[in-house]
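The sequence and the model come before the notes.

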Amino acid sequence: MSASELAAAVAQALDVDAEAFHAQAREEAESLKEEVRSGTFDNTEAIVGMELELYAVDDQTDALRRVPRQLLELVGFEKELGLHNAEMQTSPVPLNSHGLAAQRHELKSSLMPAQERLGTEGIRLVSDGMWTVPPTGETAREYLCDAVEEDGIRIGTNMSDSVRYHTMANTDYPSAFELDAPHVSLRAESVMPEALITSIQPHYQIPHAPDLPEYFSYALRVAGPVLALGVNAPFFPPDLYDDAPDEEIVDDAHMENRIGVFESVLNPPEDDPTPPKVCFPPDFETVEEVIDDIVEDDTIVPMDLQSGTRFDDGFVHLRHKHGSYWRWVRPVFEGATRSAANARIEFRPLPAQPTVDDAIAFEALFAGLMESLPKLEHPIQSQDWETAEDNFYAAAEDGLRADIEWITADGETTTATDEIYGELFELAREGLELHGLSTEEAHEYIRPLRERADRRLTPARWKHEYVRQRVEEKVPLAEAIWGMQSAYIRHQRETLLDGSFVDWLE
């Protein structure tokens, strides 16, 4: 799509009657509530799925690379925000030993030929929380901020030609479009700075849709401890740092900057009264409250939509609203057919992981916890919401060194890391065994994460220690960060499909 065609499509989107759009969404929400109450969105068993985002680099230099759109389609991946991004989704499957194995094999069977085909063009896909080496001949600031104006419409030069992404930069919604992190500041004219980050998103479909609020409350309370295990984005591209001593930048680094990037780019500035859209969500008493919260959330880009042939096209305006309902734990209602209709929880705070097995470990951990916690009526559900939120942001900042508070099965409050993760892993194992996995199988899926907890070493901490040591040796920060990135990609080349992060530590 040319810049003029894209600008025309954005201008057309901006002309949509927002009030009519919202009225239609509210009407659809009432129909959705009826369908949920009637059992349409129930499942006979728990279902799991996964989204995996990657970025592309030059296979020789590790510098960020744009992926030709036709080539991306050829290897079966979907477009994401930036021209360097690629995304894949696994097919939803029942939570059992065969289902988890199928998830693992689907990711590997898609990634292997994609890497081989892209390799002929000198491109490699990387699974990582944040890229740090900009394209050759460009700075990260230039790449993220480059934009043109066409017929009064701002177009981000390095963004995919999605009308929705570009319309976000031209609406009245006051997204800040900025980075706000220790020693980092950047202001752009589009959502493009969000393209720094990539994620994995495990999904868990609720067997009985009206029970979603109960499962959701447990998901919020495990969010902090689970995120602390997965942190993988402590550093930005070096040219984005302000003028500060290298040692100070390293000392003040957060372990998971993806959280702050998503919030500071897409939310309004702190002095704006508009409620933030990217946030830790509240508890809900009923599934109707969940649907109402989606309906009342600000829609950045209302669109003129027509119902199609999918079952959930009967809720097409509500589904569109949901696309910008950016919560770190997100409820979803959808289904291409009535029989496939489902209510699920998307666990969204996790950055992309070093290997496929690491990603599957988080899917197994989250699914196992979603199975065991409600069945056991675990007392962690009584934890104050404010404590769960504090745990979450503490985990983003300090990873496994964060002060996280947990309530044990005995009702005792603890901040002891070994006690917290010892119980989490056992609860996940019990949940997986409830779905037919053997004790050995359950342990094997979770093992890569148990090793992280035992060693107190996450991918982010591995990166941070690498850079810290080089800076202490008087290596310039930029050189230290790029050396770390090269080491990360080198290790991943050997283990992405057949190994885990803990293999890097041998």
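Is Asp15 buried or exposed? I looked this up and found that Asp15 counts as exposed, at 67% relative accessibility, where exposed means over 50% relative accessible area, buried under 20% and partly exposed in between, with a 1.4 Å probe and protein chains only.

Before going further I note that this is a predicted model, in which local features need pLDDT of at least 70 and side-chain atom pairs count only at pLDDT 80 or more, while totals for chains, interfaces and linings use all residues. I also note that residues are numbered from 1 along each chain as its sequence is written, and that side-chain values use heavy atoms, with hydrogens and water left out.

**Entry: Asp15, continued**

I placed Asp15 in the loop between helix H1 (3-14) and helix H2 (18-37); helices are DSSP runs of H or I with at least four residues, strands are runs of E with at least two, and both are numbered from the N terminus. Asp15 and Pro302 are 287 residues apart in sequence, yet I read 9.1 Å between their C-alpha atoms.

**Entry: the whole chain**

I find 17 helices and 13 strands in the protein chain. Its radius of gyration is 22 Å, which agrees with the value near 23 Å that a compact globule of 506 residues would have; the radius is taken over C-alpha atoms, and the globule rule is 2.2 Å times the number of residues to the power 0.38. Along the principal axes the C-alpha trace spans about 60 × 55 × 45 Å.

I noted that buried residues make up 59% of the 506 residues. Of the contacts (heavy atoms within 4.5 Å) between residues at least 6 apart in sequence, 76% join residues at least 24 apart. The chain exposes about 19400 Å², of which carbon and sulfur atoms supply 45%, the areas coming from the Shrake-Rupley method with a 1.4 Å probe.

**Entry: the cores and Phe236**

I looked next at the largest nonpolar core, which has 162 residues; such a core is a set of buried Ala, Val, Leu, Ile, Met, Phe, Trp, Tyr and Cys residues joined through side-chain atoms within 4.5 Å. The residues with the most contacts inside this core are Phe77, Tyr204, Phe236, Phe333 and Tyr421. Apart from it lies another core, of seven residues, among them Leu6, Val10, Ile155 and Val163.

For Phe236 I set aside the neighbours within four places in sequence and found contacts that include Met130, Leu179, Val184, Tyr241 and Ile481. Ala253 is 17 residues from Phe236 in sequence, with 9.4 Å between the two C-alpha atoms.

**Entry: Ala253**

I found Ala253 in the loop between helix H8 (246-251) and helix H9 (257-266), and it is buried, with a relative accessible area of 14%. Beyond its neighbours within four places in sequence, Ala253 is in contact with Pro234, Phe235, Glu397 and His464.

**Entry: two positive phi values**

Which backbone angle of His183 did I look up, given that the residue is other than glycine? Phi of His183 is positive, near 70°, and the residue sits in the loop between strand E7 (178-181) and strand E8 (184-187). His183 counts as buried, at 17% relative accessibility.

Lys474, also not a glycine, has a positive phi of about 70° and lies in the loop between helix H16 (459-472) and helix H17 (477-495). Lys474 counts as exposed, at 66% relative accessibility.

**Entry: two buried loop residues**

I located Pro134 in the loop between strand E4 (123-126) and helix H5 (140-145), where it is buried with a relative accessible area of 8%. Not counting residues up to four places away in sequence, Pro134 touches Ala63, Leu64, Thr139, Ala140, Asp239 and Trp482. Val57 is 77 residues from Pro134 along the chain, and their C-alpha atoms are separated by 9.1 Å.

Trp328 lies in the loop between helix H11 (316-322) and strand E10 (329-334) and is buried, with a relative accessible area of 1%. The C-alpha atoms of Trp328 and Pro349, which are 21 residues apart along the chain, are separated by 5.5 Å.
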